[in-house]
Amino acid sequence: MDYSIGQVAKMNNMTISQLHYYDRQGLLPFIKRTDSGDRTFDEGSLKFLEMILCLKNTGMPIKKIREFVQWTMDGERTLPERMEMMLEQERNVRQQIKDMEANLEKIQMKIKRYENEMK
């Protein structure tokens, strides 16, 4: 089944403009176009977009995402590069989690302090 850009935007809580921007940035070379030029997404395109959004949501810059997309389009010969990129992103995300946990601890300590002061 193919999906329109509007359907895909809605499914991913995005705007059509965001998807157009990603396309202009070279992040969506895998999407097809109808005879009238409308972008369409198949199931494979949706999975690829899901990975792009995952990388974006975990702080990877557009430039690096573009590199990942290009390497993927280049095929199996780029598997080592993609693997290293994913390992690096995993390290980044693990650090983000540690940082967020530290921030959560500070917030929880402040809440406890306020609870004690309000007694």
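User: What covers the buried residues of H5?
Analyst: Helix H3 (43-57) and H4 are among the elements covering them. Buried means under 20% relative accessible area, with exposed over 50% and partly exposed in between (1.4 Å probe, protein chains only). Helices here are DSSP runs of H or I with at least four residues, strands are E runs of at least two, and both are numbered from the N terminus.

User: What sort of model is this?
Analyst: This is a predicted model, where local features need pLDDT of at least 70 and side-chain atom pairs count only at pLDDT 80 or more, while totals for chains, interfaces and linings use all residues. Residues are numbered from 1 along each chain as its sequence is written, and side-chain values use heavy atoms, with hydrogens and water left out.

User: Which residues of H5 are buried?
Analyst: Arg 82, Met 85 and Gln 89.

User: How does H4 pack on H5?
Analyst: H4 (residues 62-74) and H5 (residues 79-118) pack at about 145°, with axes 10 Å apart. The axes are lines fitted to C-alpha atoms over the stretch in contact, and angles run from 0 to 180 degrees between N-to-C directions.

User: Which residues meet there?
Analyst: From H4, Lys 64, Glu 67, Phe 68, Trp 71 and Thr 72 meet Glu 81, Arg 82, Met 85, Met 86 and Glu 88 of H5. Contact means heavy atoms within 4.5 Å. The contact residues are 4 nonpolar, 1 polar and 5 charged. Nonpolar is Ala, Val, Leu, Ile, Met, Phe, Trp, Tyr, Cys and Pro; charged is Asp, Glu, Lys and Arg; the others, Gly among them, are polar.

User: And H3 against H4, which residues meet?
Analyst: Phe 48, Met 51, Ile 52, Leu 55 and Lys 56 of H3 meet Ile 65, Phe 68, Val 69, Thr 72 and Met 73 of H4. That contact divides into 8 nonpolar, 1 polar and 1 charged.

User: At what angle do those two cross?
Analyst: Roughly 150°, with the axes of H3 and H4 coming within 10 Å. H3 is therefore roughly antiparallel to H4 (under 35 degrees is roughly parallel, over 145 roughly antiparallel, 65 to 115 roughly perpendicular, the rest oblique).

User: Switching topic: is Ile 5 buried or exposed?
Analyst: Ile 5 is buried, at 14% relative accessibility. This residue lies in helix H1 (residues 5-11). Leaving aside neighbours within four places in sequence, Ile 5 is in contact with Ile 16, Leu 19, His 20, Arg 39 and Phe 41.

User: What does Thr 40 touch?
Analyst: Asp 2, Tyr 3, Ile 31, Lys 32, Arg 33 and Thr 34, not counting residues up to four places away in sequence. Thr 40 lies in strand S3 (residues 39-41) and is buried, with a relative accessible area of 14%.
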